[in-house]
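Student: Could we go through this structure together, with the criteria behind each value stated as we go?

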Amino acid sequence: MNQVPSILRILPEVILTITGVIIMLIEASIPPHASRRYLGWLAAIGTVCALYASIWQFSLPEGTGFFGTVETSAFTIFFHILICAIVLVALLLSLDTLPEVSHHQGEFYALIVFGAVGMCLLTGAVELLLVFIALEISSISTYILAGFRKQTGRGPEAALKYFLLGSFATAFLLYGIALIFGATGTTQIYQIAHLAATATNHSFVLAAMAMMLVGILFKVSAAPFHVWTPDVYEGAPSPVVALMSTGPKAAAFAFLLRIVYEMFPSLHSVWAPLLWVIAVVSMTLGNLAALRQQNVKRMLAYSSIAHAGYLLAAFAGIGAIGIAAASFYAAAYAAMNVGIFAVVTLVSGYNEDRPMIDDYRGLIYRSPVLGSVLIFFLIALTGIPFTGGFFGKFYAFTAATQSGAVILALIGLLNSGVAAGYYLRFAVVSAQRPESGSDEIAPSRPQVGIAVGAALAFAVLATLWLGIYPNEVLRVAQSSGHTLQAPAMQMPAAPTATAATAAGDSAAPAQ
Amino acid sequence: METINQSILTWILLVPIMGAVLVALLPDRVKLPNWIALVTSLATFGLTLHLPAHFLYGQPGFQFELNIPWITDPAIHYHVGIDGLSMWLVVLTGILAPIGVLASWNPIQQRRKIYYSLFLVQQTAMVGVFISLDLMLYYAFWELSLVPMAILIAMYGRKEGHKAAVRFFLFTFIPSAPLLVGILWLYARTGTFQFNELQILIAHGSLPAGALWWCALAFLVAFAVKVPVFPLHGWLAPAYGEAPVALAMIIAGKLGLYSLLRFHVELFPVASRDLAPVMIVAAVIGILYGALLALVQQDFWRLIAFAALSHFSMIVLGIYGLNDTGWSGSVYQILNVSIVEAAIFVLLGAIENRFVTSRIADYGGLAAKQPRLVSFFVITSLAMVGLPLLNGFIGEFLILSSTFTEVSHGWAVAATFGVILSAAYMLWLVQRLFYGQPSALAAKTPSRDLRFHELAAVTPLAVLMLVMGVAPMLWMRAITATHPPPQNPPVAASAPDASLHPSFVAVTSPTEGKR
């Protein structure tokens, strides 16, 4: 159907894989106590190359490769760029904060890069088995990374919890794939989209969609599938949390967009109310729980649940509007959240001696730059204008309002008022004068190295850019929305509806 | 000249931001941040004076307009412009900024870089609120104005700054959620955020009345909290008690009152007429409640807070009388109250700076040692009370007389009691602070009279009080001429006067404007 060699369709993934393999090889061949820091730089360079390759893919004609299993379109490229940028920041962050003498540094970087391969592939795959493989690649590396601090009690606990619950969720997804294969006889997403609308066994399709939604909503930590989030975030090393709270989540959201908008547009009347409820529950529950947290990472974990809820509000938007809003929110959220976890990593240290909110008291006096950056990201997460957080929420709730879900927008915005409570408390604590006489804070003046400085600057600039001049990113997000919609548009809208009702009618007598 | 007129508002927005960046970048030595902030705010004030100098008086509609697309989808424009209502508020913001810097000269000794850069950002946000004619742009500045304020209260509060900051932020941030939903709903229905276009569409009844009423209510609540109007004033006293002097004088009042005028009464004429009785009742209660509570306060910041509640409520009463006289009186009174409050804050700040307490009972007999301080304080108090020939009189007179003739005798009489009470609490405060036997504190604390920078801050304000009291027409001609009577929106539908400026025609009559 086109002349583009299939390999170019997965060029970023190929570059990342090669980088990871090279790192593993070097890691194995250097003496145990030699510095492995340059491997991190190598990984960062590989990621930059993958980023460039993703941008270069804009010049490719849109289409699929490898027998219709991988797609390149504005949608996939948008998420490829996003994921590569997140991974790059996470790598830069790890470079300065991982302990200097560790045998496992090489593996750490390689795992991050391999995880990136999985995430990128997940956004590009249009074949459910490939989706499953991609999800597993990304998940398994995240499971290992989550337990990287073996010496502490919390690390392995977090990894085990994440692994057990995560595998369970993946099993749901796999079961859903099996069911949809049973119902339609294919695992290719476009074909499913055609066949699902006319499938004779409607309940099969519904069950399959439900299973797949469970599996993927777990990954984005939406309520009620969120219970793992606080424990895992608390136990995992902060640079890893910076990655896993944004990268795999962005990829999972990309796939969720595919499921609902591309695979099951005919079931809009089923999944739209479902996601409405899940959005409301996620944001409310996440925000209320975050209000009571004293531990910074647990608070941010609950806040990420709430943000998943805001993002799901964008799914109330119709078609391309909703997709564009959700994609934009994913980008804005990633910029803010990576940034705030970078600050958390610097302040609390790799071993996390200072995990509580009270430990940040007077941060702005100890380190004006870090304190200001922290307050900036908290303001952005609150959703104040001129930051990415504002336009993220703005587009999400505009999408909801335009499709008539005014109540959802109202609940969401009131929720962001609640969220302002804990973000502001944190900001105010860090702006408070430290109590004189307490020495325990005095020694810690966090050092900001070049790599971390670059990561922070990148996150700050991205957040500001998305807040002041979002036109460019929004344009890409919108065109990605249109490309994702395109296959569904191949079917005229009216026949879809009639086919769905026809399927429902034929299913009824069968029962 | 045309290019200057187009870009002047943008410069007024940008200069403080540039000053803020400069303060943040340069080192904190030899009071450098203070001087940069002072020079920047004076320069901004100079720029704002361009507006009244080149304002076309008697011409309705917006002037100094600039409208360029900012974000393509949704269509948010960078659309700024002023009319007689907002022009003086911009100038007011301009003059209060250098006075705020001077008032902070002594009290703020630590972390001056953060203080002055946030102070300047705050100024930009406030000017932005006054000049934005695009609802999203307006909302952006509205939200932005909360942030520096909350941080500064948290960092420089007297005792419990963080609590007051959180309270202030949540009180004003949460109601802005329905406001944003309202704005988004308007956009979803009309496809525009432009104030003038929305005004036309709403006046023409092209939106469903029921939903529009809810939308107007959402706007009203957000603004009423910011003013604050009677039952929503819970944040005011803590914020006045904790905020640094320079911020306390701008934290309440004019942003909310302006928003009520522009984005409630002008934007939703029908709904605001429906809601007016409620607002009038709330205003009258606020006038009396604030004045009575001011009488019994032990702390002078809290006294001023409740006095402010009373005065803001008076303005709300004038606004929701929905008649020309009340309108003009309200707009003028916003300026008066802001200036008088600023002077009170500077003077009380100077007192607190010398004696370190704000408990009224600790004071007494300051007049002997502080002749200049006491004379300024008495002038300001009299202006606040509404003595003729000082500025407070004219606004209050216009509001009360219009209430008496156009709204109801009863409410006017009730509101007048507030004026009497204000004389009681202010003069009693003067007596307790300055006269009688010198208290132990006043006797043992060696203290100087007003110093140079304090005089520099308060003298212009005192001069303004006199001039605005004697020659109100200097200000009134811009205020009264530009506004179509808010009371009868159907004017919009009637045939416009051919002699009017085209932009006014466009605003008031869409059918004519579209041709």
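Predicted model: local features only at pLDDT ≥ 70, side-chain atom pairs only at ≥ 80, totals over all residues.

Tutor: Residues are numbered from 1 along each chain as its sequence is written, chains are lettered from A and ligands numbered from 1 in the order in which they are written, and side-chain values use heavy atoms, with hydrogens and water left out.

Student: Which element gives the largest share of the lining of the largest pocket?

Tutor: A pocket is an open set of points on a 1 Å grid over the protein atoms alone, with protein on both sides within 12 Å along at least five of seven lines, and lining residues have an atom within 4 Å of a point. The largest pocket is lined by 42 residues, with A:Phe376, B:Ile17, B:Val21, B:Leu118 and B:Val121 nearest its centre. Elements of both chains each supply at least two lining residues, among them α17 (368–382) of chain A and α4 (112–131) of chain B. The largest share, eight residues, comes from α1(B).

Student: How many residues of that lining of the largest pocket are nonpolar?

Tutor: Ala, Val, Leu, Ile, Met, Phe, Trp, Tyr, Cys and Pro count as nonpolar, Asp, Glu, Lys and Arg as charged, and the others, Gly among them, as polar. On that basis the lining of the largest pocket has five polar and four charged residues, and its nonpolar residues number 33.

Student: What is the volume of the second largest cavity?

Tutor: A cavity is a set of grid points where a 1.4 Å probe fits but cannot get out, and the structure holds twelve of 30 Å³ or more. The second largest cavity is lined by 15 residues, including A:Ile375 and B:Ile151, and α19(A) gives the most to this lining, with six residues. With grid points joined across faces, edges and corners, a volume is the space filled by probe spheres set on the points. For the second largest cavity that volume is about 130 Å³.

Student: Is A:Val277 buried, partly exposed or exposed?

Tutor: Buried means under 20% relative accessible area, exposed over 50%, and partly exposed in between (1.4 Å probe, protein chains only). A:Val277, placed in helix α13 of chain A, has a relative accessibility of 45%, so its class is partly exposed.

Student: What is the N to O distance in the salt bridge of A:Glu157 and A:Lys161?

Tutor: A salt bridge is a side-chain nitrogen of Lys or Arg within 4 Å of a carboxyl oxygen of Asp or Glu. A:Glu157 and A:Lys161 lie four residues apart in helix α7 of chain A, about one turn of the helix. A:Glu157 is partly exposed at 40% relative accessibility, as is A:Lys161 at 28%. Their N to O distance is 3.3 Å.
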